[in-house]
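Please open the structure in the viewer and keep the selection tool at hand.

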Amino acid sequence: MFYSCKPNLVPALETFVSVDCSLGTSHSAVVTNNGTLLTFGSNESGELGIGSTDLSSDKPRAIHIKDGNSPKFVKVACGDRFTYAICEDGKVFSWGLNWNGQLGRGDFLGVTIPDSPILSLACHAIKAITCGQSHSLFLTVSGFLYSCGSNNFGQLGHGDDVKRVRPTLIEMQRPVSFCEISSGCFHNLARDSEGNVYSWGSNSHGQLGHGNETSASSPTRIEFFVQQKLKVLELATGSRHSIATTESIGEDFKGLRAIYTWGCGASGQLGHGNTKSLCTPQAIKAEQGNIPTFISCGSEFTLVGFNNEGERGGSEISAFSAGEIENLGKTNLSLLYHKIQVVFMSASCLNASFLDVDPQSPNYHRLTNQFISGVHMPTVRQSFIHLVQLYEKNTSLMNVLANSTGKLVQNLGNLPFSHPSTLRVFLILVEVPWMLQVAQFNVVLEQLTRAIVGLSSTAKQILKNFWMKLSPEYAGRVLQVFKGYLEYLLSSSILDRTIISSVVLVMDILHQATHESKSVSHEKFAVPVLLQRINLQQDFENWRESAGRVFSFCDYPFLFDSTAKQKLLGIEASLQMREQVLRAILQRTSPCLELVVHRERVFDDVMNELVNYISGLDGFPICALKKPLVVKFRGEDGVDDGGLKRELFYLLTEKIFDKEHDLFQLTPETYFSWFSDIDHSQPHSAASITFPRETQYKLVGMVIGMAIYNHVLLNLHFPNALYRALMDKEMRLKDLVQFQPSVGKGLQQLMDMSDKDIEDCDLFFDIPTKNGKLHELCPNGSNIRVSKTNVALYVQLYCQYVLYDSVKLQLTALKEGFWLTSNGKAMKLLRAEELELFACGSPKLDFHALQRVTKYINGYTDKTPVINWFWEEVHGYSYEQKRNFMLFVTGAPRAPMQGLSHIPFAIQKSGPHSDRLPVAHTCYNILDLPEYASRKDLSEKLLIAINNSQGFGIV
């Protein structure tokens, strides 16, 4: 064995430029500037990576991985008879001794050649690796630590002494982002981005720097540097000692640099002129004017460089930073091609790219957690814009991008996504320009979809959180990609329900995220083509009967637009009606639910009939309310083909809101109908109905449910809060703003106030009621002061009280009645806003849309003068006149949910000019219109008709 007492040039390395090197106990490794990895020294455990254990080498030999490829290496680390290396594409290889699992391969088997990358690190962007005697420490680009191997002194940092055979995340008690690591034989140091140093592991000689010789099994901050107001700039470790360069941040010596050492000093390695060991860092006395810029340690010695500002540390894995694609496109196109090929083929490299590097940003990549991705989405978007611009002159560029991302996506399903930082790739990939070219890249989209569906439940939740944090333009892009892919799949001649269900699952995660963040409107998720490509009735019946055991689109109602949901309600109503008709035939009872009422006593007649069903009387089962409804007005002729039902419910709602019954009152500020402030335990004396008020509200709920079930629009004026209550949704400030704008806006201003301004308001968790008493919004609320920290809760409880708790008796009764007649599963698919539209229709009356769909019968055309006069007249009506016109011709003052273009309206000629009024057939939405001789005649007769529209047929 040859020893040297002074530095010697290694002849075999003379022609290479080294960018990184590492020394093990008895072997060495060097990375050159062209990415070659050279090893030499002892090889008794295969640490040289040359495929055997019997050939030590005093000459550097290039390392090749098992399949014969020669990847470009960028980093190397050596331990006691084992070696790690990081490649340009982010892959991490290990080989050599593995008795303690220090190779991180999931077992204790040693290997003599780099045969495969470490799978558990496949998605991690590893920045650095350091090795102790039999343990390994890993640092990611965003500052997270992983460790594996021997742990007899707690050197793995997990708070125990258990070995790990795979790199395992070191959990910190509070968020810490590390930027440098170093390992001794059995201890470690790590520096965070703020210049603090943490140490853990063996402390036999005080090498942890905590002022004692007690080992630590989890990273513990060295308080000495904090107390001395020192920021650590660099650190290093020997076998049993430690060293750090510092810069003073105190006012007295600000900017002053120094070197501190601690730990074992038996060989004089601490540099204090003696062989004493130190448990606390102590500064080395250096000649004045020398600025320490470089430190390094061997097993029992220390090296310090002064006044050397050269770069250290070699290369890192490939990644794109902000503006890099644009710059390379202008200066080095060949390098751009190469880097695209490397980065977009590697999850590790992509996860290290386009990071938010602003420490002041709430999305700063070193803050990455289950809610913060660390990806700077504007940089991603802008980088792809530059790529598209470059593509116009370099058409092969997109081919390289497509091929690389295609290979990456193909492998995504095999990768472990164990940390939030590993999921960044899913945010970036959807921004790739060709992701919208569905027909050409549908296979890649299928693989991307399957990879997301295959994530663990924890990873799915993190991805959902990331999507929840996206601004509307980026969340909209995710929807655009997967909705476009779903539409493509639905347009295929053969529907592949397996992949379709996977896409829907991805859209469901996105819908949950955007629903919470309000970044994408619910309506944008609807896929209208569903109605054309699936058997909606079959899907509904499968859903109703399978209880979630098989895939059904009905489990994902966000996919349905209002037309589809209206059809679903119709399908369910038809099925229920059919079931009740068959039951009636078997029981020899009437197949219809007949309501025979007096026009003058419509409220009393209907309520007295319906109360029989909730009283449990024989012959009045609740299920009978699901029969087809037939309405007759006593003393009037007419067959109910729909018009009489509409008229009944219109008259009924007028009576429900009549002051005589005092069930509801108008809010003074917005004129919404709301529950009356009376003693609801007693019937109102002015009403002819004598059963309890709670029962009356239950009957009102039944009426609303029956109207929707029978496809009749009601003339209701409730705020959205009532419909949210019916659908079991909590009340929001938005609902209170609609109901009581001045109160709602005041609460919003309160939330926007500063701490002091809120304190000056002197508010408590109580609210004055109309009887002058205080109602506590929570237990002991009168003693809980509203502050900045709890104002959001105060506002939420305030809204809940005003819109729900204060009218809970009435609202609960109405809700119970509603669900008695609306107990189908389809109704539960509706949102509160949709329920309101189904109950009341749309207030938007677009008569131009109505004109476009109108048909003309019995000699009329759109060119007939009286028809032109007709449209000129109605287009000039006020909103209230338009409501009256709709009530006249259809029996409802509002438009259907989809608008007036969905009404089958027709005008038919009913003879020549005469004094007869127009006649409406509300059952069929047909208007009989004489061919009046002048526009004036038409105008007068039409207004008379629509202002006197009650009753069947006006002649």
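Begin by selecting G616, the residue with a positive phi, near 75°, that follows helix 15. This is a predicted model, in which local features need pLDDT of at least 70 and side-chain atom pairs count only at pLDDT 80 or more, while totals for chains, interfaces and linings use all residues. Residues are numbered from 1 along each chain as its sequence is written, and side-chain values use heavy atoms, with hydrogens and water left out.

Next, select residues 602–614, which form helix 15. Helices (H or I, at least four residues) and strands (E, at least two) are DSSP runs, numbered from the N terminus. At 1.5 Å a residue, the 13 residues of helix 15 should span 18 Å, and the 19 Å between its end C-alpha atoms agrees with this; the expected span is 1.5 Å times one less than the number of residues.

Now colour helix 15 by burial: 10 of its 13 residues are buried (under 20% relative accessible area, 1.4 Å probe, protein chains only). Among them are V602, F603, L610 and Y613. The buried residues of helix 15 pack against strand 22 (593–597), helix 16 (643–656) and helix 17 (693–709), where contact means heavy atoms within 4.5 Å.

Finally, move to the open sheet of three strands, ordered 5-6-7 with antiparallel pairing (two strands pair if DSSP finds at least two bridges between them). Strand 5 (73–78) and strand 7 (92–96) stand at the edges with a single partner strand each, so one side of each lacks a neighbour in the sheet. Select strand 6 (residues 82–87): five bridges join strand 6 to strand 7, and F82 has G96 in strand 7 as its bridge partner.

Definitions and conventions: Buried < 20%, exposed > 50% of the residue type's maximum accessible area, 1.4 Å probe, protein only.
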